Each structure stands twice: as structure tokens, then as C-alpha cells.
Amino acid sequence: MIELFTAATPNGWKVSIALEELGLPYTVRPISLGKLEQKEEWFLAINPNGRIPAIIDHGNGDFAVFESGAILIYLAEKTGKLMPTEPKARSRVLQWLMFQMGGVGPMMGQANVFFRYAPEKIPYAIDRYQRESRRLFEVLERQLKDNTYIAGEEYSIADIALHSWVAGHEWSGVSVDGLPALKRWLDLVGARPAVVKGRAVPPPLSPEERAKTVESAKKMLA
Ligand SMILES: N[C@@H](CCC(=O)N[C@@H](CS)C(=O)NCC(=O)O)C(=O)O
């Protein structure tokens, strides 16, 4: 049984979606970002970076894994699914996964910080991260014009990682107008039952909890 430590955010959804896609049994331990539970000692023993998501694989000697990209690779390798084994096809999936981990996630994350949470509005920073996110969307558009899924004709962990972030483009203030292939893929992946189920894990916060989370994010960033 896998234990998932998570919250209702793009990085968290990547893992719940993958677990749903793979049909692996798992339990959810919601982490309250509002109460800064992710910084508590017991959690730092699981993820030294003090962020969600993390997993413990109780079926594999209580092995702990942190960093959402590493968790996706671990789950794909554990099951032999969602990532091809043929070296070039595998490399293509990893290239797009790294593109998400090193590009789309950090840029959209910073767009969210400056657009939504920063105590002072800094137009240069908002513009910089929104424009860079849009540029990355245009890279995805070119790739998706000729491919059903991001790394080719097979759905993979790269789609899961990228979809979890790009689906939140409105929250980041980044438009997908004029990107028809990206929109097609957003709808295609977004309609998968495992994606719908995974995005509901953990259940959405109450308005009060959400306000508390936004407040503690603002405090952390002040
Ligand atoms: N590179 C990490 C990023 C994890 C991350 O930034 N998680 C956010 C939620 S999406 C978090 O835990 N934020 C709370 C904090 O920064 O303390 C991953 O992909 O797992």
C-alpha cells in the first residue's frame, strides 16, 4: 500500500492522478499547507525539502520518495506502465517530464506568486513569469500539432505532469488563446476518468481553509 502525503495543488495532483491511472491502492494523508504541516520535523524526515507531494511505499520496505517527477518515475518503473522501456521512447518521456519540472512548473509557480500572492504588485515580475509561461505553452503547441500526446502517440507520465500545471493557466493569468493543439490536448487529458478522480484528491479546501492557506503563503513570501 502506498501512503500519499499531498495537498490540492498541481504538484500533488500529479501523483494522485498517476496512482489512479495505475490502479495502485493508496491512502491519502492530507497535509495542511495553511498550518505549515509540511515544515514539521516528522514530515521533513519523509521530504527534507518540506514540500508536498511525497509518498511512502509500505510494500517496499517503507521506502520514501519526494519530488513529484521522481515519484512519477518511481511509480512508472514499479508498474512498467505510463513510460515506455524502449530507450529512445523512454528518453522522450523523460525530456518532456524534465521540461515540466525545470520549466513549466517553476515559471507558472512564480507567475502565481507574483500575480496572486505577493504583498506588492511588481509588474516586471508578473510580466516576466507570465510571458515565459506563455512561451513554454507555445513550445508545447508545436509538439502537440504533430503528436496526440506530449511524447508521441502514447499517454505517459509527461502528460500527467504537464497537464496538472497547464490546466491551471487561468489562475496563473496565462492565456491559451491561439494554441488549438494545446487546447485539444487539455480537453483530451482532462476528460480521462483517472485525471478527474486524481484532481479531486484531497477534497477541495473549505473557503476558510483556502483563505488560511493563501494567508500563510503570503506570510512565507513576505
Ligand atoms: N519540485 C517540487 C515542488 C514541490 C512544491 O513546490 N510543492 C508546493 C505545492 S505545489 C508546496 O509544498 N508548497 C508549500 C511550501 O512551499 O512550503 C516537486 O515537484 O515535488
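**Figure 1. Helix 3 and helix 6 in a predicted model, a roughly antiparallel pair.** Helix 3 (residues 68-79) packs against helix 6 at an angle of about 150°, and the two axes lie 10 Å apart. Angles over 145 degrees count as roughly antiparallel, and helix 3 and helix 6 are therefore assigned to that class. The crossing of helix 3 past helix 6 is right-handed. On the helix 3 side the contact involves L72, I73 and A76, which meet I157, I160 and A161 of helix 6. By class, the residues of this contact comprise six nonpolar, no polar and no charged.

**Figure 2. The crossing of helix 1 with helix 6.** The axis of helix 1 (residues 10-22) comes within 9 Å of that of helix 6, and the two cross at roughly 135°. This angle makes helix 1 oblique to helix 6. Helix 1 passes helix 6 in a right-handed crossing. Helix 1 contributes P10, N11, W13, K14, I17, A18 and E21 to the contact, while helix 6 contributes I160, A161, S164 and W165. Seven nonpolar, two polar and two charged residues make up this contact.

**Figure 3. The buried and exposed faces of helix 8.** In helix 8 (residues 180-190), the buried residues are A181, L182, W185, L186 and V189. Viewed down the helix axis, these residues fall within an arc of 140° and so line one face of helix 8. An α-helix has 3.6 residues a turn, so residues three or four places apart point the same way. The exposed residues P180 and D187 are carried on the face of helix 8 turned away from its buried side.

**Figure 4. Packing partners of helix 8.** The buried residues of helix 8 pack against helix 5 (123-145), helix 6 (157-166), helix 7 (169-172) and helix 9 (193-198).

Key:
Residues are numbered from 1 along each chain as its sequence is written. This is a predicted model: local features need pLDDT of at least 70, side-chain atom pairs count only at pLDDT 80 or more; totals for chains, interfaces and linings use all residues. Side-chain values use heavy atoms; hydrogens and water are left out. Buried means under 20% relative accessible area, exposed over 50%, partly exposed in between (1.4 Å probe, protein chains only). Helices (H or I, at least four residues) and strands (E, at least two) are DSSP runs, numbered from the N terminus. The arc is that of the directions from the helix axis to the C-beta atoms. Contact means heavy atoms within 4.5 Å. Axes are lines fitted to C-alpha atoms, for helices over the stretch in contact, and angles run from 0 to 180 degrees between N-to-C directions. Angles under 35 degrees count as roughly parallel, over 145 as roughly antiparallel, 65 to 115 as roughly perpendicular and the rest as oblique. A crossing is left-handed if the near helix is turned anticlockwise from the far one by less than a right angle, and right-handed if clockwise. Ala, Val, Leu, Ile, Met, Phe, Trp, Tyr, Cys and Pro count as nonpolar, Asp, Glu, Lys and Arg as charged, and the others, Gly among them, as polar.
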